[in-house]
Amino acid sequence: MSDAPAPFTGPVDHVDPAVIADYLGRTRWFGGKGRPFEVSQVYRIGHVPGTAEGGPVAVLNHLVELTYADVPAGAAEGEDGEQAVEVYQVPLAFYTDAESRLEHAFIGWWEEPGLGWVHVYDAVHDREAMAAWQRTFFDAYETGEAHDAASGLTFRRLPGYEIDPDARASLFSGEQSNSTVMFGEDAILKVFRKLTPGRNPDIEIHEVLTRAGCANVAALYGWIDWTHPRTGEIWQLSMLQQFLRTASDGWDLALNSVRTLFSDPETRASASGGDFAGEATRLGEALREVHDTLAEHFGTSEKDAGALAALMGRRLGAAAAVVPVLEEHREGLLRTFGAVADQGLLTTQRVHGDLHLGQTLRTSLGWKIVDFEGEPAKTLAERVLPDSPWRDVAGMLRSFDYAPRVVERTWSEDDPEGTEARQARAAEWANRAKNHFLVAYTGGEVTEAQRTLLDAYVADKAVYETVYETRNRPTWVDIPLQAVAEIGES
């Protein structure tokens, strides 16, 4: 391992918490924007070996603990499920001199024990720092892991996949809740920002599907663990996987399909040059294969249908407190949820948990499903619970409904007179995609019991969307509200 200054595992007292807090507020991936918080502690958990000449003098990984003031003292979470304490990962690159190329990722400068005064940057933005990650993964090839006993960092590798230790590192510009670094054209490293102890479902599920040879996911190459020295808890920090360089985003493909349809509103969706039915069919087949593999390797269990119906009802109540207009549809929604209660025991298994078109990639070899972390708003314990595979199906159906409505909104701003015709075509496109997807997923007709369960999951997802849009994109909330109204009326 590296001869860099040995890190100590524990609180870092010489770093001003306000400096870290200021940087968090400037990032795209920080999930606490708009909430009053303070950095209660910064923990150094280890250094990344493999730093080369010309790079940073040290690459040190840190966990930043935040405490939120909008949750009552002593409570674990607020009324709307906000966590009182969160932990974020912030790897830091230390340079003796200022690096103008990293000015956008500058965090601060301070006197670092053993290094003197240093300029500090978010290491994910530094190609030299990230190259150290890549070289360490390469070093782990022979044994399957490279371990730094001083810090508890372990770089793990799966067999059968080549890694180029000299591939150029570059940060993916589309980062959202995590940060993604590309290594050449072969691999990407997803750096998890918000962390909780335990196995990350994205790593756990990708490992199982990769070892099983599932062709519908990007292969997992490796990941990084940190073991807490006092509790022995495993924290999973990052995952290295196959880079699908020829892939197209499923959401973008759907939007383009709708735009092609709208360019000639007299053409039926089935006759449009951008007809999406074939892709929806292939995507349904891909999801079925993923679900079958997950059931085979993780097993199945049973869940009381009445408990599921009650849970959906409680979520509706919590959502109505945020989106009061939901009260108008409460009776119809509760009737939809209540119909599930008569089904006795439901078969559950590990699922994606947050599936939509944006979690899919179309490659020359078929569809790939990505990002198995689950719904971001849920705790890790909730995200790894078995659920009905119909939750994933419902998420995709809602996404098929969203795509044409998003495009239609934009077109109507420029051409309000054609709104009615486009709305009809939007509904036609959505229904056609949903029907082809469902037939492919089930391999035939949807049974009455399956339809009842699916309707409830679709309604539950639409209710969730009303809360999300109200908080993040208020002008879009009419999209899920329209679905809620249709469900309530039916």
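Arg398, Asp401, Arg405, Lys434 and Glu465 are linked in a network of salt bridges. A salt bridge here is a side-chain nitrogen of Lys or Arg within 4 Å of a carboxyl oxygen of Asp or Glu. By that rule the count is 34.

Some ground rules. This is a predicted model: local features need pLDDT of at least 70, side-chain atom pairs count only at pLDDT 80 or more, and totals for chains, interfaces and linings use all residues. Numbering runs from 1 along each chain as its sequence is written, and side-chain values use heavy atoms, with hydrogens and water left out.

Arg398 and Asp401 form a salt bridge, with the closest N and O atoms 2.8 Å apart. Both Arg398 and Asp401 are buried, meaning under 20% relative accessible area; exposed is over 50%, partly exposed in between (1.4 Å probe, protein chains only). They sit 3 residues apart in helix H9 (residues 390–414), separated by about one helical turn. Helices (H or I, at least four residues) and strands (E, at least two) are DSSP runs, numbered from the N terminus.

Next pair: Glu112 and Arg44, at 2.6 Å between the closest N and O atoms. Glu112 is in strand S6 (residues 106–112) and Arg44 in strand S2 (residues 37–47), 68 residues apart. Glu112 and Arg44 are both buried.

Now H6. Which residues of H6 are buried? Ala305, Leu308, Ala309, Met312, Gly313, Leu316, Ala319 and Ala320. Facing away from that buried side are the exposed Arg314 and Ala321.
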